[in-house]
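Please read them with the coordinates open.

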Amino acid sequence: MEQKIKQANGNIGNNIRRIRLEKGIKQMTLVRMLQLQDIDITREALVKIERGVQHISVSQLQGIRDCLETTYDKLLK
């Protein structure tokens, strides 16, 4: 089973949402990009991650970092 990263105060989700919006990427577009990388995620899961109510897996975080062309520092701060 893959390790999950616990969100403190939803910071990771807030950062994902902010960066995604800055780049003009819709939630479904990001989900499709992740699915093309064989990362198992649904739009509903992304919504929960962005709201900080669902933990994020290591592979999801890595895929989001790659799709958004950002760094772990920007996602985790």
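**Notes on the predicted model**

1. Start with Arg-20. Beyond its neighbours within four places in sequence, Arg-20 is in contact with Ile-25, Lys-26, Gln-27, Leu-30, Glu-50 and Leu-68. This arginine sits in helix 1. Is Arg-20 buried or exposed? Its relative accessibility is 3%, so Arg-20 counts as buried, the limit for that class being under 20%. Its side chain has a polar partner: Arg-20 and Glu-50 are joined by a side-chain polar contact of 2.7 Å.

2. A word on confidence, since this is a predicted model. The protein chain has an average pLDDT of 94, and 99% of the residues reach at least 70. Among the elements, helix 2 (residues 27-36) has the highest mean pLDDT, 98. Strand 1 (residues 4-5) has the lowest, 86.

3. Helix 3 covers residues 43-51. Its buried residues are Ala-45, Leu-46, Val-47, Ile-49 and Glu-50. What do the buried residues of helix 3 pack against? They pack against helix 1 (11-22), helix 2, strand 2 (56-57) and helix 4 (58-67). Gly-52 follows helix 3, with a positive phi near 80°.

4. Now the pairing of helix 2 with helix 3. Their axes come within 9 Å and cross at roughly 110°. The two helices are therefore roughly perpendicular to each other, as the class runs from 65 to 115 degrees. The crossing of helix 2 past helix 3 is right-handed. On the helix 2 side, the residues that meet helix 3 are Gln-27, Met-28, Leu-30 and Val-31. On the helix 3 side they are Arg-43, Leu-46, Val-47 and Glu-50. Gln-27 and Leu-30 are also among the contacts of Arg-20.

5. Helix 2 also packs on helix 4. The angle is about 115°, and the axes are 10 Å apart. That makes helix 2 roughly perpendicular to helix 4. This crossing is right-handed too. Helix 2 makes the contact with Leu-30, Met-33 and Leu-34. Helix 4 supplies Gln-60, Gly-63, Ile-64 and Cys-67.

6. Which residues of helix 4 are buried? They are Gln-60, Leu-61, Gly-63, Ile-64, Arg-65 and Cys-67. These buried residues pack against strand 1, helix 1, helix 2, helix 3, strand 2 and helix 5. Glu-69 follows helix 4, with a positive phi near 50°.

7. Two residues deserve a look at the backbone. In general, most residues other than glycine have a negative phi. Phi of Asp-38 is positive, near 65°, and Asp-38 is not a glycine. Asp-38 belongs to the loop between helix 2 and helix 3. With a relative accessible area of 74%, Asp-38 is exposed. Glu-69 is another residue other than glycine with positive phi, near 50°. Its place is the loop between helix 4 and helix 5. Glu-69 counts as exposed because its relative accessibility is 68%, and the class begins over 50%.

8. Helix 5 spans residues 72-76 and includes Tyr-72. How accessible is Tyr-72? At 31% relative accessibility, Tyr-72 is partly exposed. Apart from neighbours within four places in sequence, Tyr-72 is in contact with Leu-61, Gln-62 and Arg-65. One of these contacts is polar: the side chains of Tyr-72 and Arg-65 lie 3.2 Å apart. Leu-61 and Arg-65 are both among the buried residues of helix 4. For scale, Tyr-72 and Ile-56 are 16 residues apart in sequence and 13 Å apart from C-alpha to C-alpha.

9. Last, Asp-73, also in helix 5. Its relative accessible area is 64%, so Asp-73 is exposed. Asp-73 and Thr-29 are 44 residues apart along the chain. Their C-alpha atoms are separated by 23 Å.

Terms used: Residues are numbered from 1 along each chain as its sequence is written. Side-chain values use heavy atoms; hydrogens and water are left out. pLDDT is the predictor's confidence in each residue, from 0 to 100. Helices (H or I, at least four residues) and strands (E, at least two) are DSSP runs, numbered from the N terminus. Buried means under 20% relative accessible area, exposed over 50%, partly exposed in between (1.4 Å probe, protein chains only). Contact means heavy atoms within 4.5 Å. A polar contact is a pair of N or O atoms within 3.5 Å; within protein, one must be able to donate a hydrogen and the other to accept it, and residues adjacent in sequence count only if both atoms are side-chain atoms. Axes are lines fitted to C-alpha atoms, for helices over the stretch in contact, and angles run from 0 to 180 degrees between N-to-C directions. Angles under 35 degrees count as roughly parallel, over 145 as roughly antiparallel, 65 to 115 as roughly perpendicular and the rest as oblique. A crossing is left-handed if the near helix is turned anticlockwise from the far one by less than a right angle, and right-handed if clockwise.
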